[in-house]
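Subject: Structure handover

Hello,

Here is the structure I promised to pass on. Please open it next to this message; my notes follow below.

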Amino acid sequence: MSAENIFNVHLVLGYVVWLLCFGTYVLPWLRSMDRVAAQRIIATLHSFRFFGLVFLLPGVVGHNLPGSFAAFAAYGDLATGILAMLALLAVRIRPLFWLFIAAFNVVGMADLVLDYYQATRAGLPALAGELGATYAIPILYVPLLMITHVVALYWLVSPRPKAAVPGNAVAS
């Protein structure tokens with residue numbers, strides 16, 4: 001099997017496994033809490049995106065890793081991570097908190113979509129070995145990031161669920 005096919009299979013399976021895990025364990029847990037707490041957890045996960053700068057480190061990635069992909073991915077991740085950290089710092093100032101939540105999710109999702117585009121244009125799947133030690137990032141980490149962006153953005157635009165009023169339960 002070619003490096004390109006292995007990479008693509010790994011990428012698809014990364015999404016499959018994270019969707020199963022997220023749907024079974026993480027989403028029910030996040031739904032059980034208020035939206036601020038759930039968004040803080042998602043922001044905490046994305047705060048670690050500063051790690052994307054690793055795509056610029058020679059010796060960690062191969063010399064033939066396309067520079068157009070590496071730089072875009074690295075700085076997009078850094079921007080997203082900083083915005084997520086700012087959201088966490090602004091939690092006591094709710095309008096600012098929600099602004100940073102929206103910002104890091106829009107910037108972060110756009111970054112991932114554009115990273116996929118850049119990677120495809122640069123032929124990255126065929127050069128997957130050039131990712132070196134960072135190979136696990138697009139396979140294991142990026143699917144979880146994309147899934148959490150979708151959930152966070154959905155929660156930002158959807159109405160909040162109404163809390164059950166005690167004593168108004170309908171008998172089934």
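The axes of H3 and H4 come within 8 Å, and they cross at roughly 165 degrees. Because of that angle, H3 counts as roughly antiparallel to H4. The crossing of H3 past H4 is left-handed. On the H3 side, the contact is made by Ser68, Phe69, Phe72, Ala73, Gly76, Asp77, Ala79, Thr80, Leu83, Ala84, Leu86 and Ala87. H4 answers with Phe97, Phe100, Ile101, Ala103, Phe104, Val107, Gly108, Asp111, Leu114, Asp115, Gln118 and Ala119. By class, this contact has 16 nonpolar, 5 polar and 3 charged residues.

Please keep in mind that this is a predicted model.

**The chain as a whole**

The secondary structure comes to 5 helices and 0 strands. From the N terminus on, the order is α-α-α-α-α. Along the principal axes, the C-alpha atoms fill a box of roughly 65 × 40 × 20 Å.

Two packed helices are described by the angle between their axes and the distance between the axes. I give both values for each pair here.

H2 covers residues 35–47. H2 packs with H3 at an angle of about 145 degrees, and their axes are 8 Å apart. The crossing of these two helices is left-handed. From H2, the contact takes in Arg40, Ala43, Thr44, His46 and Ser47. From H3, the residues are Thr80, Gly81, Ala84, Met85 and Leu88. The class count for this contact is 4 nonpolar, 5 polar and 1 charged.

H2 also packs with H4. Here the angle is about 45 degrees, and the axes are 11 Å apart. H2 and H4 are therefore oblique to each other. H2 passes H4 in a left-handed crossing. H2 brings Arg35, Val36, Gln39, Arg40, Ile42, Ala43 and His46 to the contact. H4 brings Arg94, Phe97, Trp98, Ile101, Phe104 and Asn105. By class, the contact of H2 with H4 has 7 nonpolar, 3 polar and 3 charged residues.

**The largest pocket**

Now to empty space. Rolling a probe the size of a water molecule over the atoms shows where it is left.

The largest pocket has a volume of about 260 Å³. It is lined by 19 residues, and the closest to its centre are Phe69, Asp115, Tyr116, Ala119 and Pro138. Which elements give two or more residues to this lining? They are H1 (3–31), H3 (67–89), H4 (94–121) and H5 (136–157). The largest share comes from H4, with 5 residues. By class, the lining divides into 15 nonpolar, 2 polar and 2 charged residues.

**The largest cavity**

How many cavities of 30 Å³ or more does a search of the whole structure find? The search finds 1. About 40 Å³ of space lies in the largest cavity. Its lining consists of Phe48, Arg49, Phe51, Gly52, Asp77, Ile137, Tyr141 and Leu145. H5 gives the most to this lining, with 3 residues. By class, the cavity lining has 5 nonpolar, 1 polar and 2 charged residues.

Best wishes

How values were computed. Residues are numbered from 1 along each chain as its sequence is written. This is a predicted model: local features need pLDDT of at least 70, side-chain atom pairs count only at pLDDT 80 or more; totals for chains, interfaces and linings use all residues. Side-chain values use heavy atoms; hydrogens and water are left out. On a 1 Å grid over the protein atoms alone, a cavity is a set of points where a 1.4 Å probe fits but cannot get out, and a pocket is an open set with protein on both sides within 12 Å along at least five of seven lines; lining residues have an atom within 4 Å of a point. Grid points are joined across faces, edges and corners, and a volume is the space filled by probe spheres set on the points. Helices (H or I, at least four residues) and strands (E, at least two) are DSSP runs, numbered from the N terminus. Ala, Val, Leu, Ile, Met, Phe, Trp, Tyr, Cys and Pro count as nonpolar, Asp, Glu, Lys and Arg as charged, and the others, Gly among them, as polar. Axes are lines fitted to C-alpha atoms, for helices over the stretch in contact, and angles run from 0 to 180 degrees between N-to-C directions. Angles under 35 degrees count as roughly parallel, over 145 as roughly antiparallel, 65 to 115 as roughly perpendicular and the rest as oblique. A crossing is left-handed if the near helix is turned anticlockwise from the far one by less than a right angle, and right-handed if clockwise. Contact means heavy atoms within 4.5 Å.
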